[in-house]
Amino acid sequence: MTSAAIPSSPRTRAARYRSALWLLTKRDLRVRYSTSALGYVWSIIDPLVMAGIYWFVFTVVFNRGDSIGEQPYIVFLLAGLLPWMWFTGTVSDSTRAFLKDAKLVRSTSIPRSIWVNRLVLSKGIEFVASLPVLAIFAIVYGAPVNWLIVLFPLGIMLQATLIMALGLIIAPAVVFFRDLERATKLILRFMFYASPIIYGFTDLPDAIQPIAAFNPLAGIMSIYRSAFFPDQLNWFAIGMSALVSLALLAIGIIVFSRSERSVLKEL
């Protein structure tokens, strides 16, 4: 008499998922840095170069440093560019989350959402690892840290939720509509200027702010910058960021679950 297989408990499945997620994340980071001599440095060079360019343009060329954002402007820029790199890097890579590892996606029995979540986690680790650079610039340029820095984890959670939601929507959609990969890059370029990154949410006209608050990045940037610039904190924008991010996550879960079988057939 053979004994029936005992199904694994939800706790066991969750533990296996976390273990596989961490293994895939470590693999991504190892592959990303093992072939590079500078390794970790590359994750901060891009935002530093961008910050330097925008700082030069707005403070030297146009002499607008006092009317855009807050001083020191270089710290203001980095507080927006570093989380932006996490956002744009993950969303961009999500367009090939399934296509890049199609064989593994088809053969594994792990929930396929892991191929999106490992991007969120690996890029998120890079973002956290870049924060000491922001701290160094804040010290050098005299940007004092205030108690609102305790909200930093809230910003990270909101951004992770937003990125995960977009990844769950984009990753399966690109399998069926390959042109969406290029379209995503164009949308990200538009979002960079439509989001308060090189400027602050409070720099927008009062009439536009309620509409701009529907951009979930507005509230997220508000949280990060408030650690150095308390006037940047805007609870309305933060509340809208939370609502929009959670709504997108619900949509992402539905889209992903309904398209998973079709994605496997298409791959």
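My notes follow, grouped by topic.

**Ground rules.** I'm working on a predicted model, where local features need pLDDT of at least 70, side-chain atom pairs count only at pLDDT 80 or more, and totals for chains, interfaces and linings use all residues. Numbering runs from 1 along each chain as its sequence is written, and side-chain values use heavy atoms, with hydrogens and water left out.

**Helix α5.** I started with α5, residues 114–140; helices here are DSSP runs of H or I, at least four residues, numbered from the N terminus. Its 27 residues reach 40 Å from first C-alpha to last, close to the expected 39 Å (1.5 Å times one less than the number of residues). I found a kink of about 25° at serine 130, shortly before proline 132; the bend is the angle between axes fitted to the seven residues ending there and the seven starting there. Just after the helix, glycine 142 has a positive phi of about 70°.

**Cis peptide.** Which residues does the cis bond join? I get glutamine 71 and proline 72, with omega about 0°. Proline 72 sits in the loop between α2 (42–61) and α3 (73–94). Most peptide bonds are trans.

**Salt bridges.** How many turn up in a search of the whole structure? I count five, the criterion being a Lys or Arg side-chain nitrogen within 4 Å of an Asp or Glu carboxyl oxygen.

- Arginine 118 meets aspartate 28 at 2.8 Å, N to O. Arginine 118 is in α5 and aspartate 28 in α1 (residues 10–34), so the pair ties together parts 90 residues apart in sequence. Both residues are buried (under 20% relative accessible area; exposed is over 50%, partly exposed in between, with a 1.4 Å probe and protein chains only). Arg27 joins Asp28 and Arg118 in a salt-bridge network.
- Glutamate 181 pairs with arginine 96 at 3.5 Å, N to O. This links helix α7 (residues 180–194) to the loop between α3 and α4 (102–107), 85 residues apart. Arginine 96 is partly exposed at 38%.
- Glutamate 260 pairs with arginine 112, the closest N and O atoms being 3.9 Å apart. Glutamate 260 is partly exposed at 24%, while arginine 112 is buried at 13%.

**Serine 245.** Buried or exposed? Serine 245 is buried, at 1% relative accessible area. I place it in helix α10 (residues 235–266), with its side chain reaching the backbone oxygen of serine 241 at 2.7 Å.

Methods
Helices (H or I, at least four residues) and strands (E, at least two) are DSSP runs, numbered from the N terminus. A polar contact is a pair of N or O atoms within 3.5 Å; within protein, one must be able to donate a hydrogen and the other to accept it, and residues adjacent in sequence count only if both atoms are side-chain atoms.
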